[in-house]
Amino acid sequence: MKLIEELKKIGKVYKEGKNEVWFIVPYKKIKDAVKDVSNSGINRISLISGYDNGKEIEVIYHFVKENFLINIKVLVPKESSEIQTITDMFPGAFLLEKELSEMLGVKIIGHPKPGKLFLPEDYREKPPLRK
Amino acid sequence: MHDMMIPFGPAHPALPEPVYLKIFLEGEEIQDVDFAVGYNHKGIEKALQDLDFSKSIFMTGRICGICSSAHSTCFTQGIEKLLDLEIPYKAKLIRTIVFELERLTSHLLCVGMLGHEIGFDTLFMLCFREREYVLNCLELITGKRVVHDINTIGGVRRDLSPEIIKQVNKNLGILKEKVEYLRTLITKDLLIKKRTVGIGKLDKNDVEKLCLVGPVARASGVPYDIRKIDKYLAYDDLDFKVITHKDGDSFARAFVRVQEMFECIRLSKQALSMIKPGPIRNKPTLPFTEKEAISRVEAPRGELIYYLRSNTTNKPERVKIRTPTYANLLCLGKILVGHKLADVPVSLASLDPCLCCTDRVTVVKDGKEQIIKMEDLHGHH
Amino acid sequence: MFHVVVDCIGDDLIVDKIKKYCQKKSPWIFHFCTGGCNGCDIEILAAMSPKYDFERFGCLLKGSPRHADIFLVTGPVNKKVKSRLINLYKQIPEPKVVIALGSCSLSTGIFQKAYNVCGPVDKIIPVDVYVPGCPPKPEAIIDGIVKGIGILTKK
């Protein structure tokens, strides 16, 4: 697929399965990778998952084209804990990014409506899924 | 400047994910909608990290009472991907049968709630009466009516005897005629058509832009059905159609669900006829290794997706869940704005979320507050 | 004539007797879900359906707490919902009966370790009848309501 060749120039493949491919891209190049995905005609994002591995926060964007899954992983450093929004290219990521910022404490720069979604307003402890 | 703000929600019997809406009105017409979730948030993703894989299957079955076997099947499928475990064909058929019967109960419930919101309580009672046939089948197969804990790693926990298969086939035969009557009712009744046609329209562009899933997407002409796309469980060998409609309004969403009920009955009968004697479970080969997996199924409300991550112990390292109602919340603004207040319960019931119509209306006019009950807006109590 | 009437009814006034008779024959129910999986809530609707039909006992599922005699609570109590539960309890007029339905409301059930769960319902409001099950069958729900009516007539 042409998109896979373009993404291989930005990052590298760390896992391949039946109908799925997993990329890891550098932190500064995530917006270019998402732009490549959007330009290739894919407009559906199903999930944004996050995981705290102690040193960094692993954020994975899962894009879907019919039965093929394109998963792009980016490592967000814990000191800054911020990442650019993708809602300008993928409006369907609005709620998914809000959940990421609430559960893992990652600030989304440029999100149209930041704020709490699930937790009560007076919740002051550290984000629930941080180690 | 809006002259009325209505708080709507959050608790309702019988549908998943309570949602709290703030509806801003000018006269009778809705100008803007704001929503807040979190009334059902228990912290399940974190609690799952403390339980073994085999025990966490029971917790995922209790995330939602209607899509219980959808969640537990998706989770178990993900664990089997982490272990590279293949399950016996009979287990795939039994999982498919329970899945489809549960889809049938969910769609009957949704159509019943739509009838209740319009004021047509007889339709509500009819749908719930027909549901009892399906719940009887589920009780025979799994032992429970609502939350069926039939899945385990490597297969299923209970087998199907020939007597159970005969009784389930008989029930499905009776049910088919009852669902035909429901379809005639919905398509021919003038009142239902007047209240649902043209309300809450969503076109193909909205669906693709906002990444909507399930019958909501299919009613606007987008044939997005994970059963045909991923061909998981036994769906590759079964014959069924993906139902779509081109209008995208509340009537189209109800009609798609009624047509899907026929496909569910067809799928269950086909799967039941393919059951042969054989094993129902393959033992997993432990231990777990460090791996990631994605698992997707078509729950009654749409695409359900799980991200699983394992380490070397037998507890999950990370489980991330995105439910279909969560994905469909984004279209609330589009289907409510521009319509009258009385159309709000109908549009919301056609989306099939969990919402309550028992909250109060706070009218703020000239600085004075006045409380009006939601039932007065319904007008039929 | 007045003395004869007083001797017949004993200590209660006739108005109180009529009120108690009406409550026993037609108790109205208000239901609230505090964040459960909604399995119990579906079974309450199934108990209202033609096969089990608790409406033949005069029970109606009403939308407003001010009309209710019986308060049905399901679900483990969420932190965001706790204050609403207490508000609703205060809005129901006396005499009232609280029925906790399902394992989650008795003891938080399977969600004991979850961080957003406050505790079982009887830590927050007083409960009169407990109906266990995950979810309880409609027959058990009707049994619980009948026990609740018995307690209501004594209040």
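1. Let's start inside chain C. Strand β1 (residues 28-33) and strand β3 (residues 70-74) of chain C run parallel and are joined by 5 bridges. Keep in mind that this is a predicted model.

2. Now the helix. α3 (residues 39-48) of chain C packs on the sheet, where it touches β1, β2, β3 and β5 (97-101) of chain C. Compare directions and you'll find that α3 of chain C makes about 140° with β3(C).

3. Zoom out to the whole sheet. It is open and has 5 strands, and in chain C their order reads β2-β1-β3-β5-β7, with parallel pairing. As a bit of background, strands of a sheet pair through backbone hydrogen bonds, and they can do so either parallel or antiparallel.

4. Which strands sit at the edges? Those are β2 (60-62) and β7 (129-131) of chain C, each of which pairs on one side only. Going from one strand to the next, the twist averages 30°.

5. Over to the contact between chains A and B. Chain A puts in 21 residues and chain B puts in 23 residues. On the side of chain A that touches chain B, β3 (44-52) and α3 (94-104) of chain A each supply at least two residues. The largest share of that side comes from β3(A), with 6 residues.

6. What is the side of chain A that touches chain B made of, by class? You'll find 12 nonpolar, 6 polar and 3 charged residues there.

How values were computed: Residues numbered from 1 in each chain as written. Chains lettered and ligands numbered in written order. Predicted model: local features only at pLDDT ≥ 70, side-chain atom pairs only at ≥ 80, totals over all residues. Contact = placed C-beta atoms within 7 Å. Helix = DSSP H or I, 4+ residues; strand = E, 2+ residues; numbered from the N terminus. Nonpolar A, V, L, I, M, F, W, Y, C, P; charged D, E, K, R; others polar. Pairing = 2+ DSSP bridges. Axes fitted to C-alpha atoms, helices over the stretch in contact; angles between N-to-C directions.
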